[in-house]
There are 4 protein chains.
Amino acid sequence: MTRIAVLLAAELTAASIDTVVSRVLPAADQVQTYRANGRTVLEVTGAAPALTERLREWPEVEKVLESAQEKDLLLTRRALYGSDSVVDVGGVPVGGNAVAVIAGPCSMDGPETLMRTAEAVRAAGAALFRVGLFKPRTSPYSFQGLGRDGFEAVREVRRVYGMPIVTEVLSVRDIEDLLEVADMLQVGARNMQNFPLLSELGKIGRPVLLKRGLAATVREWLSAAEYLLAGGNDEIILCERGIRTFETTSRFTTDINSIPVVKELSHLPLIVDPSHSAGHSRLVAPVARAGLAAGADGLIIEVHAQPEKALSDGAQALDPIGFGNLMPQLRNVAAVLGRGMVAPPVDEPALAG
Amino acid sequence: MTRIAVLLAAELTAASIDTVVSRVLPAADQVQTYRANGRTVLEVTGAAPALTERLREWPEVEKVLESAQEKDLLLTRRALYGSDSVVDVGGVPVGGNAVAVIAGPCSMDGPETLMRTAEAVRAAGAALFRVGLFKPRTSPYSFQGLGRDGFEAVREVRRVYGMPIVTEVLSVRDIEDLLEVADMLQVGARNMQNFPLLSELGKIGRPVLLKRGLAATVREWLSAAEYLLAGGNDEIILCERGIRTFETTSRFTTDINSIPVVKELSHLPLIVDPSHSAGHSRLVAPVARAGLAAGADGLIIEVHAQPEKALSDGAQALDPIGFGNLMPQLRNVAAVLGRGMVAPPVDEPALAG
Amino acid sequence: MTRIAVLLAAELTAASIDTVVSRVLPAADQVQTYRANGRTVLEVTGAAPALTERLREWPEVEKVLESAQEKDLLLTRRALYGSDSVVDVGGVPVGGNAVAVIAGPCSMDGPETLMRTAEAVRAAGAALFRVGLFKPRTSPYSFQGLGRDGFEAVREVRRVYGMPIVTEVLSVRDIEDLLEVADMLQVGARNMQNFPLLSELGKIGRPVLLKRGLAATVREWLSAAEYLLAGGNDEIILCERGIRTFETTSRFTTDINSIPVVKELSHLPLIVDPSHSAGHSRLVAPVARAGLAAGADGLIIEVHAQPEKALSDGAQALDPIGFGNLMPQLRNVAAVLGRGMVAPPVDEPALAG
Amino acid sequence: MTRIAVLLAAELTAASIDTVVSRVLPAADQVQTYRANGRTVLEVTGAAPALTERLREWPEVEKVLESAQEKDLLLTRRALYGSDSVVDVGGVPVGGNAVAVIAGPCSMDGPETLMRTAEAVRAAGAALFRVGLFKPRTSPYSFQGLGRDGFEAVREVRRVYGMPIVTEVLSVRDIEDLLEVADMLQVGARNMQNFPLLSELGKIGRPVLLKRGLAATVREWLSAAEYLLAGGNDEIILCERGIRTFETTSRFTTDINSIPVVKELSHLPLIVDPSHSAGHSRLVAPVARAGLAAGADGLIIEVHAQPEKALSDGAQALDPIGFGNLMPQLRNVAAVLGRGMVAPPVDEPALAG
């Protein structure tokens, strides 16, 4: 069955959109309306070729995309918009001309260490703060995160240092709670195809960071993003975090090729997680530089005030000195591509929150 | 930190168990109690070597396992029991001397087709019936399953043909509903590390079929089973359904080596899904035979009355004739290993349900 | 450019073949002649569609195959012949209705052990004997095989026990020497795309066992076989020996799906190497049974009189007792598929050689 | 068995070395002497612990390395020298502080195109010229390279543009011929474990570029380099060219993590091949930049005067404009790490050769 995507002109009123739909309906089997990237897209199933031609001439229509070949990638496709999306995460733009660095500990292990880590990453220039509250752990016997007990400390970080907060959501039931403290919710690699979770996150009106699954192809990853966009959330950032291969000297294999591939296929911002994909702190700096050099829009890096005491993934966290040394290199690599680095939303931390 | 597992003798009273725990506690940091495989296991953290020795002499103790190396695999380990678990699925034993065949359509697409499929697989000797109600689909635009609208037809299959029902659960919020119609809930490959879902399924008191993730190592798979066991559910069946590799002539790569590996490491029953791991109906019979020849305790096979009309995965479903031809071969392969094939719970279907 | 394959009728004289070629040439860009599977195949490049039609009516032509899609797989394709090839290895047919078992040590480490191993595998029913003389070793510091120093003992095995000999060739320069003692030369996984070696082996007039590369797709593997066939050698046997994946509990991952896939695509005989693909002796029996159950035409199994003293790969070798226990199981699995098991060429070993 | 490596002091006379060996022998089972990295290394098997201790005090001994854990990696190990090797390729240093770019066509398809390509890459700043004469092709029906027929044109490139020549060797029998025109011989991915070829290349006294196999682990790759070093050739450059994974949007997966991993494990220079690892010309620039950003010592890039007419791999070749645009970016990325870019050996091309 043919299926076409119709990008409507910007700033149409709801009434104009309704009119367009009502004119399309008689010549098609089905019309579905999506908001994506701040615009309206119609997915028209079973349109006659003649309709497709006529649509291109309507003033309300900006672009008609025949998407037969990639029938599952509609709203994520670059061809639809022809430009990059920029996602606003608590005041920090991700995906524009400047790159953004998200930093912080794998999991929160105590308020004092958290504040020290936040102070260090802010001083070095991180724009956003990551911290794990609910942790997905391979073993039921490992530390599972502080959950709500860590909320107060996270709020304090945001209040004092002004960095918007990124944290992982494992389950539909935690969404509401996490929205109290998080500016962006992260979907981890193991949940990339947790479709009920994706459907719910389509409705939250808050940015989502979608990590690639360990064994997900680029197209499956974009299809997971499509769930979020089709659900109504167009503030989606993708994150390459390494795929599983036969090589064991690093924890996963950073698929650096995926950076230009995804930028070519999709308009969504894309960042790299060098900490999980490399898995050893001494590999983080080279992989982070490579990510930006390949064209990523940012990085998410694990930093811990005392990695050797971290309750999870200490082996891959940078300490504040390592992160401080890395940031100027990252600025310089970004500059080679003509890009700056995003600053935190305000210079006066006391005003933040 | 040392951690030991203590398997208590069978048929201890709750009071005796309490006494044992109270005697262990003064010489250890922590004692945790699990019910697994119908038995009680103590996980003792920080036990002094002397305690470990003494425990072996207590009459209430059957076995002490020093599990330093495999610290995340405790309740799934074969060494703890030294024998195979048998899981009762609605009256059908899985994991014993006879192999069990689960058959049915990928997803339910209509009551009539479902009944015809059920009649055919029952006639050919399937012991359990599989059917998808909530479907995990890579694309948001694909058919997502009938959900509750299919319940009535599934109940009818169970009532008329007497086969216990196996169906997939995607989300914590569907568990209660699905327990109305299912004898066993299946965790799909994409949810193998959906830890909140695993934790909830630990409490349902109903068998769980745990499929291996596309990129999950054998140890990660067993760790996921450990979540279920540690949560209190010891009726767990594992399912090898193919891993993702570079090869594309079949949909996934059936890891046939994993069959003897898992049987060696764990006491849990293990079945093979030749339909998903091969992905083409004409490959199903050879892979199914291979699974049993390698020592699997059963198979889960997609059968559809009219595969060419199936709403999902039709390419990999057998039709009734293909399934009918396969079953005698499977009986013969099982016989080579001295195993029979499990029959449905009753011979008179009208009596079932 | 169009390319078609023309299978000529059996038992044409050389003169008739020349006539056919001379009649095709004016209507095509190029005609190349191959002998494969004991038959003559013309590869016609740039044939006009009319020629293709006419060819089907010539009495000298048995089949015309339009091979646009699979342009690199011509002589290996099942569609060309529509039946299974049978390869004669020193009197033992491989690929027919009966399955063949090749057994012997990974590498020869001494004449006495070799003879004891040969006696044991012969007694248990192996039809062919494998032994490594030139060994491919990952490290330059590992034992590289006895080379010519082992020839005398290998000849003795053949003389006394009558089993044809299979051994690996690493280099063009060793071919001539090895043909003194070997009935079939084996190309190892690491040399599957050693194209100069394949080209030379196309000319030897002796069977070749072509192992699949660790990262070779099924099509690349068949393309490697195509080198041998196009070079003039149609006595080719394929061997699945496991592919490299992320899983580490077994040495490689036996791609059991490849068995029916290859049998569908190609007419060549196909055997399985459970020893290398599993990598641990206790996994060999289940994987060997699975290979036959999936439809393989035979097995190549490492057996050593004293595995614990083997100079290479002892961990994966069966001892004589293990092999003796396995063989009846293999006979029974073969029988399920209506197949027998090939016997060594003569019953009276003293007459062999 | 214990095995230790002994790095002797620089500039010892042959007589002094003999003396050292003769003093070690009585206290060990075996002593083997290697020249690597311009130095002498003794591999001592079965040394008593006391000997190991005493050796550290001899003036002729610079370092003693107990290599039990990594017994196959001896001469490739960074720990032995603690510094980077620099390999001189026809006057161009690879592995020092400046990065080197090798450019040229996948295969030579004609003298005129070759000269135009050479002119373009030289003008843009390439230091070395790559060109394929003997080509490894998956299919026997693909273009296999011009072989010796291309030698004259290659000599002309070297004479006119002064760039040393890099070309692939497929077989022992071609080595002597290729040494007439090549400054460095390349071992392709498919031959990485062609051990007879590696052994021969250990003796040529000319640099070797060793590409990583499609499914080779980092340690297997270094073991292959060890063959070359142990054979007497210490002018080895490693090349990451992508590994095979499940992802298909790029041809292979560039293992960017391997760059810092290899630099940490080994003293050998390491370059990246973005053309083969990405497989599409539009992905080459981002992957090339990423390679240098991750710390590679250089790049090997396919450039063709008219990619659309190339006889092999045209889809992944840059045209002269694309290469010309990339080079300044590469210079800038190198500069971020404090590195320059190597120039061709002479500025006056007429003087070269």
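Reader: In what sense do strands β12 and β13 of chain C pair, and over how many bridges?

Author: Quick caveat: this is a predicted model, where local features need pLDDT of at least 70, side-chain atom pairs count only at pLDDT 80 or more, and totals for chains, interfaces and linings use all residues. Residues are numbered from 1 along each chain as written, chains are lettered from A and ligands numbered from 1 in written order, and side-chain values use heavy atoms, without hydrogens or water. C:Leu238 stands opposite C:Leu270 in β13(C). Strands (DSSP E runs of at least two residues, numbered from the N terminus) pair if DSSP finds at least two bridges; β12 (residues 236-240) and β13 (residues 270-272) of chain C pair in the parallel sense, over three bridges.

Reader: Which strands make up the closed barrel in chain C?

Author: The barrel has eight strands with parallel pairing. Neighbouring strands are turned by 25° against each other on average, direction ignored. The order is β7-β8-β9-β10-β11-β12-β13-β14.

Reader: Are α4(C) and α12(C) roughly parallel or roughly antiparallel?

Author: Helices here are DSSP H or I runs of at least four residues, with axes fitted to C-alpha atoms over the stretch in contact and angles from 0 to 180 degrees between N-to-C directions. Helix α4 (residues 111-124) and helix α12 (residues 320-336) of chain C pack at about 20°, their axes 9 Å apart. Angles under 35 degrees count as roughly parallel and over 145 as roughly antiparallel, so α4(C) and α12(C) are roughly parallel.

Technical notes
Parallel < 35°, antiparallel > 145°, perpendicular 65-115°, else oblique.
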